[in-house]
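These notes are written for a colleague who is opening this structure without having seen it before. Please keep the sequence and the model at hand while going through the numbered points.

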Amino acid sequence: MNSSRRNVCLSVAAGFGTLVFGMLNAQAVAKPKAKAKERVIKIQAKRFVYTPNEITIKKGEAVVLEFTSLDFVHGFNIPDLKIRADLPPGQITRVSLKPEKSGVYDFLCDNFCGSGHEEMSGRIIVKG
């Protein structure tokens, strides 16, 4: 093989290697970073109580409230955060939240579940 032909082949191989390396590097950069694991908090709903009914989390912490209703289609409502969900019995209902402000956020059942319904409430305490 003459030297000019060899130089062309080497240039093509080097260019191909650079292209492949660049593509692999771009893929590594383009991959989204792993999302921080959300903390799961299990909550049971039954006439006329949430268990637990007081939850403390950190400001900016991503949490998933995982509800199980034992007896009725209860509601879950945090008016100050504009979060609402129905909690059908026999199903798991997941509600994600990540409060950015410290404070106390009251939640309540907003599906009438009988005498005592007014007492079905709780609070989320967000600490800075």
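**Notes on the predicted model**

1. The sheet. Four strands form an open sheet in the order β2-β1-β4-β7, with mixed pairing, where two strands pair if DSSP finds at least two bridges between them. The edges are taken by β2 (49-51) and β7 (92-97), each of which has a single partner strand, so one side of each is left without a neighbour in the sheet. On average, and with direction ignored, neighbouring strands of this sheet are turned by 25° against each other; the axes behind this value are lines fitted to C-alpha atoms, and angles in general run from 0 to 180 degrees between N-to-C directions.

2. Basis of the model. This is a predicted model, in which local features need pLDDT of at least 70 and side-chain atom pairs count only at pLDDT 80 or more, while totals for chains, interfaces and linings use all residues. Residues are numbered from 1 along each chain as its sequence is written, and side-chain values use heavy atoms, with hydrogens and water left out.

3. Confidence. The average pLDDT of the protein, that is, the predictor's confidence in each residue on a scale from 0 to 100, is 84, and 73% of the residues score at least 70. Over residues 15-20, however, the pLDDT is below 50, and this stretch has zero contacts in the model beyond near neighbours in sequence, a contact meaning heavy atoms within 4.5 Å. Where pLDDT is low, the predicted coordinates should not be read in detail.

4. Overall make-up. The secondary structure comes to one helix and nine strands, and from the N terminus on the elements run α-β-β-β-β-β-β-β-β-β; helices (H or I, at least four residues) and strands (E, at least two) are DSSP runs, numbered from the N terminus. Of the 128 residues in the protein, 30% are buried, buried meaning under 20% relative accessible area, exposed over 50%, and partly exposed in between, with a 1.4 Å probe and protein chains only. Among contacts between residues at least 6 apart in sequence, 61% join residues at least 24 apart.

5. The pairing of β1 and β2. Strand β1 (residues 39-46) runs antiparallel to β2, and three bridges join the two. As one detail of this region, V49 in β2 is the bridge partner of K46.

6. Which residues does E61 touch, not counting residues up to four places away in sequence? They are R39, L97, K98 and P99, while E61 itself lies in the loop between β3 (54-58) and β4 (63-69). With the side chain of R39, the side chain of E61 makes a polar contact at 2.8 Å; such a contact is a pair of N or O atoms within 3.5 Å, where, within protein, one must be able to donate a hydrogen and the other to accept it, and residues adjacent in sequence count only if both atoms are side-chain atoms. A polar atom of the E61 side chain also lies 3.0 Å from the backbone nitrogen of K58.

7. Is C113 buried or exposed? At 4% relative accessibility, C113 counts as buried, and its place is in the loop between β8 (103-108) and β9 (121-127). Not counting residues up to four places away in sequence, C113 touches R47, F48, F72, H74 and M120. The C-alpha atoms of C113 and G75 are separated by 9.1 Å, although these two residues are 38 residues apart along the chain.

8. Salt bridges around R84. The structure holds six salt bridges, each being a side-chain nitrogen of Lys or Arg within 4 Å of a carboxyl oxygen of Asp or Glu. R84 forms one with D86, the closest N and O atoms being 2.8 Å apart, and another with D110, for which the corresponding distance is 2.7 Å. R84 is partly exposed at 41%, as are D86 at 40% and D110 at 29%.

9. Further salt bridges. The side chains of R123 and D106 meet in a salt bridge at 3.5 Å, N to O, and this pair joins strand β9, which holds R123, to strand β8, which holds D106, across 17 residues.
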